[in-house]
Amino acid sequence: AMESLAKTLNAIKEVTIGDKVYKLSSVTLNDLAAYESYLKSQQCKDILALDIPKKEMYPLISAINREGIDPDELSARLLTISGIRFLVWRLVSKRQDDVTIEQIGDDLDLQNMNSVVEAILDLTGETQSEDEQGEKK
């Protein structure tokens, strides 16, 4: 069982995004925790941009930092455009640390995004159901 886990964690999948070939590493709990932190920082930035007194901002920011994000909500947000961009950048940057999230966003488009998501699902051992595969044809 440990060999299988090690093999999964060390899995790499090459994907072409734009005119570049990127190496995606497998998704780990650390990647999901990093995404949760990213979401929290975005929420804090949104609060700081509000036109309200600072004394009203601090309790809101404190609550965001104190509470975790529900796993179902985290999963749903991963399937957004910004979630996919973050996750692809995170998986690529494990092996190619000079790649920025902006570069990934520039190279990802609606044509290549499906194949990239499929590669990520393949790395996690998830597969699409037969119904979803039938809809793609």
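Predicted model: local features only at pLDDT ≥ 70, side-chain atom pairs only at ≥ 80, totals over all residues.
Helices here are DSSP runs of H or I with at least four residues, numbered from the N terminus, and by that reading Asn-112 has its place in helix α7. Once its neighbours within four places in sequence are set aside, Asn-112 is found in contact with Thr-16, Ile-17, Gly-18 and Asp-107.

The chain has 137 residues, of which 29% count as buried. Among the contacts in the chain with a separation of 6 or more, 62% are accounted for by residues 24 or more positions apart.

Val-116 is another residue that lies in helix α7. Its relative accessible area is 0%, and Val-116 is therefore buried. Leaving aside neighbours within four places in sequence, the contacts of Val-116 are with Val-15, Ile-17, Leu-24, Val-88 and Leu-108.

Two packed helices are described by the angle between their axes and the distance between the axes. For helix α5, residues 81-93, and helix α7, residues 110-124, the angle is about 60 degrees and the axes are 11 Å apart. That angle makes α5 oblique to α7, and the crossing of the two helices is left-handed. On the α5 side the contact involves Ile-81, Ile-84, Leu-87, Val-88 and Leu-91, which meet Met-113, Val-116, Val-117 and Ile-120 of α7. Sorted by class, the contact of α5 with α7 has nine nonpolar residues, with no polar and no charged ones.

Helix α5 also packs against α2, here at an angle of about 135 degrees and with the axes 10 Å apart. The angle makes α2 oblique to α5, while the crossing in which α2 passes α5 is right-handed. The residues that make this contact are Asn-30, Asp-31, Ala-34, Tyr-35 and Tyr-38 of α2, together with Gly-83, Arg-85, Phe-86, Leu-87, Arg-90 and Leu-91 of α5. By class, the contact of α2 with α5 has six nonpolar, two polar and three charged residues. Leu-87 and Leu-91 of α5 are named in the contact with α2 and also in the contact with α7.

Helix α2 itself covers residues 29-48, and at 1.5 Å a residue its 20 residues should span 28 Å; the C-alpha atoms at its ends are 29 Å apart, which agrees. The buried residues of α2 are Asp-31, Ala-34, Tyr-35, Tyr-38, Leu-39, Lys-40, Cys-44 and Ile-47. An α-helix has 3.6 residues a turn, so residues three or four places apart point the same way. The packing partners of the buried residues in α2 are α3 (54-66), α4 (71-78) and α5, and for α5 the contact includes Asp-31, Ala-34, Tyr-35 and Tyr-38 of α2.

Terms used: Residues numbered from 1 in each chain as written. Heavy atoms only, no water. Axes fitted to C-alpha atoms, helices over the stretch in contact; angles between N-to-C directions. Parallel < 35°, antiparallel > 145°, perpendicular 65-115°, else oblique. Left-handed = near helix turned anticlockwise from the far one by under 90°. Contact = heavy atoms within 4.5 Å. Nonpolar A, V, L, I, M, F, W, Y, C, P; charged D, E, K, R; others polar. Buried < 20%, exposed > 50% of the residue type's maximum accessible area, 1.4 Å probe, protein only. Expected span 1.5 Å × (residues − 1).
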